[in-house]
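Open the structure in your viewer and get ready to click from stop to stop. Each stop tells you what to select and what you will find there.

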Amino acid sequence: MNFPNEDRNHGVKTVVVPAAGMGTRFLPATKTVPKELLPVVDTPGIELIAEEAAKLGAERLAVITAPSKQEILAHFERFPQLEETLTERGKDEQVAKVRRANELITPVAVEQERPLGLGHAVGLAESVLGEDEDSFAVMLPDDLVLPMGAVEEMAKVRAELGGTVLCAIEVDPDEVYNYGVFDIEEVDGREDVKRVKGMVEKPDPADAPSNYVATGRYLLDRAIFDALRRIKPGKGGELQLTDAIALLIEEGHPVHVVVHRGSRHDLGNPGGYIRACVDFGLRDPKYGPALRKAILEILDEVDGESPAGAEQA
């Protein structure tokens, strides 16, 4: 399943997906199953990211993975015996689902022996970029940014303004303490494009420079690799991507954000994951109607339970 590459002159050939984390917030499930393979309805999160990368027109998906998480790359392989069995049983729809990941995009494994921060993971991707690639995209598998297409808009901004382009969403000012927050200034004539002067990680709401926060899409200039080599590790020996971006800003490298006006799901914690499953499930033509009915019935049951009854249960 290859998406047409026509009229995509943004030059993004490689999408980097950092996926070496231990998934501790999903234990015990992630003792044996990487969190990137947990399904949103019936499709693993990593496959949704691959779909987004393919729609962007990228040629390769550079998956930064740990030695113990080879199942992620295995998901993109062919399964001929399974396909044959399903075909013999006339299950053509399931055959297409099994083949889909393999046909979306070419995966490339980049091993990270220890999780040493997002900056370290991104730095490892330098080895898989071609000499002609002056930029690349990073998509965090924990973040579903909907509708797909945010990076394509970011690429248009880079073509116009150069440098590095990040993705921002606008949140309630009381919620900024959960995020990296952008210190921004306006760009003449551009409502949804801001110039970045700096970033503050998880500030108190009273100290936040704005309510525009980072979400998991980055279009990085190749200059980021040199910056990553020059920053110092922080707590736990981790290299932070935001520190490298801050260094580029200090040195005059243009950095902008595109404000995404759609929605976002955080698959990195159980609360966000459950919400994504409900959202995708309700919109699914096969499962949506029955799920809607079930949710309403469950809500009636829960609302009808007395505190005493809930304690006894």
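In which loop does Lys 202 lie? Select Lys 202 and you will land in the loop between β10 (190–201) and β11 (212–221). Keep in mind on this tour that the model is predicted. Lys 202 is not a glycine, yet its phi is positive, at about 50°. Lys 202 has a relative accessibility of 52%, so it counts as exposed.

Now move to Val 41, in the loop between β2 and β3 (43–44). Here too phi is positive, near 65°, in a residue other than glycine. Val 41 is partly exposed, with a relative accessible area of 30%. As background, most residues other than glycine have a negative phi, and most peptide bonds are trans.

Select Leu 27 and Pro 28: the bond between them is cis, with omega near 10°. Pro 28 sits in the loop between β1 (14–19) and β2 (39–40). Then pick Leu 146 and Pro 147, which are also joined by a cis peptide bond, with omega about -5°. You will find Pro 147 in the loop between β7 (143–146) and α6 (150–161).

Time to go inside. The largest nonpolar core has 43 residues, and Leu 219 is one of those with the most contacts inside it. Helix α1 (residues 45–56) supplies the largest share of this core, seven residues. Show what surrounds Leu 219 and you will see that it touches, among others, Val 12, Phe 136, Met 154 and Val 165.

Another core, of 36 residues, lies apart from that one, and Ile 224 is among its members. Select Ile 224 in helix α7 (residues 223–230). With a relative accessible area of 0%, Ile 224 is buried. Its contacts beyond four places away in sequence are Phe 136, Leu 241, Ala 244, Ile 245 and Leu 248.

Next, look for Arg 100 in helix α4 (residues 92–104). Arg 100 is buried, at 15% relative accessible area. Display its side chain together with that of Glu 51 to find a polar contact of 2.5 Å.

For the last stop, colour helix α9 (residues 270–283) and helix α10 (residues 288–304), whose axes are 6 Å apart at an angle of about 125°. The two helices are therefore oblique to each other. Val 278, Gly 281 and Leu 282 of α9 meet Gly 288, Leu 291, Arg 292 and Ile 295 of α10. Of these contact residues, four are nonpolar, two polar and one charged.

Notes:
Residues are numbered from 1 along each chain as its sequence is written. This is a predicted model: local features need pLDDT of at least 70, side-chain atom pairs count only at pLDDT 80 or more; totals for chains, interfaces and linings use all residues. Side-chain values use heavy atoms; hydrogens and water are left out. Axes are lines fitted to C-alpha atoms, for helices over the stretch in contact, and angles run from 0 to 180 degrees between N-to-C directions. Helices (H or I, at least four residues) and strands (E, at least two) are DSSP runs, numbered from the N terminus. Angles under 35 degrees count as roughly parallel, over 145 as roughly antiparallel, 65 to 115 as roughly perpendicular and the rest as oblique. Contact means heavy atoms within 4.5 Å. Ala, Val, Leu, Ile, Met, Phe, Trp, Tyr, Cys and Pro count as nonpolar, Asp, Glu, Lys and Arg as charged, and the others, Gly among them, as polar. Buried means under 20% relative accessible area, exposed over 50%, partly exposed in between (1.4 Å probe, protein chains only). A polar contact is a pair of N or O atoms within 3.5 Å; within protein, one must be able to donate a hydrogen and the other to accept it, and residues adjacent in sequence count only if both atoms are side-chain atoms. A nonpolar core is a set of buried Ala, Val, Leu, Ile, Met, Phe, Trp, Tyr and Cys residues joined through side-chain atoms within 4.5 Å.
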